[in-house]
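Here are a few friendly notes to read alongside the model. Take them one at a time and find each residue as you go.

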Amino acid sequence: MIVRIMGEGQVRLDDSHLTELNELDDELLAETKSGDEEGFRRTLGALLDAVRRLGVPLPDDSLEPSELILPAAEATLSEVREMLNDDGLIPG
């Protein structure tokens, strides 16, 4: 799976990591809905760090279609709220 972190680039991520990412995504969804700014900031950082740690960066000149787009680390709670669907940022 190709994941884009807005403002950073793309990484190739094995589907086997989706369970770990979905756990963080569920937390992020709950914090976004409740307006928990501190929890939102912490969990968004943890989600992005996990993608960076588990994924393999693609070259900057690579333009593969992204299957998943995640917000930048400095995204606001309201910006992320607009990106969410019923499953959060990550389907499943």
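1. A residue counts as buried under 20% relative accessible area, as exposed over 50%, and as partly exposed in between. Arg41, with a relative accessible area of 33%, is therefore partly exposed. Please keep in mind that this is a predicted model.

2. Now look at the partner of Arg41. The side chains of Arg41 and Glu37 meet in a salt bridge, 3.8 Å from N to O. These two residues are four apart in helix H2, so about one helical turn separates them. Glu37 is partly exposed, at 40%.

3. How many salt bridges does a search of the whole structure find? There are six. In one of them, Glu8 and Arg52 come together at 2.6 Å, N to O. This pair links distant parts of the chain, 44 residues apart: Glu8 sits in the loop between E1 and E2, and Arg52 in helix H2.

4. Another salt bridge joins Arg53 to Glu20, with 2.9 Å between the closest N and O atoms. Arg53 lies in helix H2 and Glu20 in helix H1, so the pair ties together parts that are 33 residues apart in sequence. Arg53 is exposed at 56%, while Glu20 is partly exposed at 32%.

5. On to the strands. E1 (residues 2-5) pairs with E2 (residues 9-12) in the antiparallel sense over four bridges, and Val3 stands opposite Val11. E1 also pairs with E4 (residues 68-70), here in the parallel sense over three bridges; Arg4 has Ile69 as its bridge partner in E4.

6. Finally, find the negative surface patch formed by Glu23, Asp26, Glu27, Asp86 and Asp87. Asp87 is in the segment after helix H3.

How values were computed. Residues are numbered from 1 along each chain as its sequence is written. This is a predicted model: local features need pLDDT of at least 70, side-chain atom pairs count only at pLDDT 80 or more; totals for chains, interfaces and linings use all residues. Side-chain values use heavy atoms; hydrogens and water are left out. Patches are made of residues with over 30% relative accessible area and no salt bridge: like charges are joined within 9 Å, nonpolar side chains (Val, Leu, Ile, Met, Phe, Trp, Tyr) within 5 Å. Accessible areas come from the Shrake-Rupley method with a 1.4 Å probe; for residues, only the protein chains shown count as cover. A salt bridge is a side-chain nitrogen of Lys or Arg within 4 Å of a carboxyl oxygen of Asp or Glu. Lys and Arg count as positive and Asp and Glu as negative; His and the chain ends are not counted. The place of a charge is taken as NZ of Lys, CZ of Arg, CG of Asp or CD of Glu. Two strands pair if DSSP finds at least two bridges between them. Buried means under 20% relative accessible area, exposed over 50%, partly exposed in between (1.4 Å probe, protein chains only).
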